Amino acid sequence: MKKILTTLLLALSCLGVNAQPAVKPGSLYASLNGGVFAYSHSGTTSFGVPAFGVELGSWLMKPLAFQLAYEGALAPSTYQNGSGNNPLFSFVSAEFKWDFNATFFHVYNKTFQYPMPFYPMIGLGLLMRNPVTVDGNTHQTDNDFQAMLGLQLPVRISNKWSANLEYKCFFLPQGFDGSNGPNNMHMVTLGLMWRQGDDPFHRKTAFEARNTSEDWFTGFGVGALFNSFEFEGIGLDNAKTKLWNITGDMMFGRNWSDVWTIRFELSGFFARGRYNVDKEQAGRWYPFNMLHTDFMVNVAHLISFKRGERLSVLPYLGAGPVWTYKKPVFTVGADAGVMLRYYIDNMGDLFFDAKYMMVPPRVASGYGYGNGAGPSGSIFGTGFMTFTVGYICNFGHSTVRYRMPVNHCTD
């Protein structure tokens, strides 16, 4: 009888093991991909081969990976009009990959995982088009920044190898490669990935969110937004030419561990055009928004988790769509900043957030007068700088942002 009970307990424990995500936090992976592309520009789309890429990354925790990626495509330039040799388009990106199923469901460790795995991806980086010669005229190298949204579908071949079907859409600034409209480069590739190996026996630590319903939060803030045209001036002393407005933030996110936080935030609302381009429309305001996904690192907990530590310091990077309303423009921007988060009680925190949202000049111009860029014409100094203060409301259990000191007594 004891042997039968022991056998049943072992079988049940094996079933419990099989229901755990197979990804090991901290494990490395690398992949090589090849496929086709579609290059959309100036109202036309060109299809072709080859598109290729290489990725190197690490799983920061079970549902989230960070990777560096290079993609390339031999695509026809806008300048070619069907003639000449196709130049090389290169994309270098820093990307985050999210295991959706491991976040909300049990993942079974079989060759064909159940449920079928899929990994949404978001990235930001630089792009370059090599020189292109048309009818004896050479158009020099074009450099700019790009944002990426994508999806990866992996299929496990063995303990250390996977095959991947991958789709990536790169959002390119207007005007890149001589275009006169929104640009996108779509890539569909097949790849082979090497992984360090599965870890079916891993258990979540005390410093990871343990339940799907835990560690979520929402927040609201208000403050000031300053338009940046290479910081040539912010016009604080002149209401007609000022480059600042009241702004707000609305956020929703989750603390995945004591170190990693992911949030979605709607920022912006009101901005102003560059006042020294058109004196008659100096400093006119216009409405806009940016919806960005931010990946945040709690540096106060990076080395060790200290009980009773109320202040969290969270630098972050993110990207997302940005759009205007009165003169509709839709594109992608990037943001970076730091948030200070102060624990009040189990339900609430106060926060201060300083960030810079870098956007293409055609968004920052607001009304399209001038090219919207700063004095040098560079896109990298064009954007919005914001400073906001507000309140965060936590719902569900909050297990990873703060812990009472040992032997702490409350009245």
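**View 1. The side chain of E265 makes a polar contact with the side chain of S267, at 3.3 Å.** A polar contact is a pair of N or O atoms within 3.5 Å; within protein, one must be able to donate a hydrogen and the other to accept it, and residues adjacent in sequence count only if both atoms are side-chain atoms. The side chains of E265 and R263 are also joined by a polar contact, of 3.2 Å. This is a predicted model: local features need pLDDT of at least 70, side-chain atom pairs count only at pLDDT 80 or more, and totals for chains, interfaces and linings use all residues. Residues are numbered from 1 along each chain as its sequence is written, and side-chain values use heavy atoms, with hydrogens and water left out.

**View 2. E265 sits in strand 13, residues 260-272.** Strands are DSSP runs (E, at least two residues), numbered from the N terminus. Leaving aside neighbours within four places in sequence, its contacts (heavy atoms within 4.5 Å) include D249, M290, H292, D353 and K355. G318 lies 53 residues from E265 along the chain, and their C-alpha atoms are separated by 9.9 Å.

**View 3. Strand 8 (residues 142-156) pairs with strand 5 (residues 119-129) in the antiparallel sense.** Pairing requires at least two bridges found by DSSP. Here there are 11 bridges. M121 has G150 of strand 8 as its bridge partner.

**View 4. Strand 8 and strand 9 form a hairpin.** Four residues lie between the two strands. Strand 9 covers residues 161-172, and its antiparallel pairing with strand 8 runs over 10 bridges. M148 stands opposite F170 in strand 9.
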